[in-house]
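Please keep the sequence and the structure in view while reading.

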Amino acid sequence: ISEINLTQQDKNHFIEILNSDGMISSFAHDTVISSILEEELSAYRSGGKSLEEAAKLIQSRVGIYINE
């Protein structure tokens with residue numbers, strides 16, 4: 001999995017997506033991906049993880065799941 005390099009514009013867009021109610025519901029058909037998103041986004045929203053940390057973990061965990 002390649003490294004994520006986010007510009008400020010990317011970060012702002014990602015924050016908009018994370019804060020929208022549709023983010024998790026768009027993956028509701030896949031409970032594993034939905035759970036990954038809920039866990040990592042909760043940690044980001046509570047301040048436990050930075051945006052970059054949350055994005056990297058989501059990318060890594062979903063990538064591993066998809067490749068299984």
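Contact here means heavy atoms within 4.5 Å. The model is predicted.

## Helix H4 and its buried face

Helix H4 covers residues 51-67, and at 1.5 Å a residue its 17 residues should span 24 Å, which agrees with the 24 Å that separates its end C-alpha atoms. The buried residues of H4 are Leu51, Ala54, Ala55, Ile58, Val62 and Gly63. Seen down the helix axis, these buried residues fall within an arc of 155°, so they line one face of H4. As a general point, an α-helix has 3.6 residues a turn, so residues three or four places apart point the same way.

The largest nonpolar core consists of six residues, namely Ile33, Ile36, Leu37, Leu41, Ile58 and Val62. Helix H3 (31-45) and H4 are the elements that give two or more residues to this core, and H3 gives the most, with four residues. Once neighbours within four places in sequence are left aside, Val62 is in contact with Ile33 and Ile36. There is also a second, separate core of five residues, among them Phe14, Tyr44, Ala54 and Ala55.

## Glu40, a buried acidic residue

Glu40 lies in helix H3, and because its relative accessibility is 4%, under the 20% cut-off, Glu40 counts as buried. Not counting residues up to four places away in sequence, Glu40 touches Lys49, Ala54, Leu57, Ile58 and Arg61. With one of these, Lys49, the side chain of Glu40 also makes a polar contact of 2.4 Å, side chain to side chain.

Conventions
Residues are numbered from 1 along each chain as its sequence is written. This is a predicted model: local features need pLDDT of at least 70, side-chain atom pairs count only at pLDDT 80 or more; totals for chains, interfaces and linings use all residues. Side-chain values use heavy atoms; hydrogens and water are left out. The expected span of a helix is 1.5 Å times one less than its number of residues. Buried means under 20% relative accessible area, exposed over 50%, partly exposed in between (1.4 Å probe, protein chains only). The arc is that of the directions from the helix axis to the C-beta atoms. A nonpolar core is a set of buried Ala, Val, Leu, Ile, Met, Phe, Trp, Tyr and Cys residues joined through side-chain atoms within 4.5 Å. A polar contact is a pair of N or O atoms within 3.5 Å; within protein, one must be able to donate a hydrogen and the other to accept it, and residues adjacent in sequence count only if both atoms are side-chain atoms.
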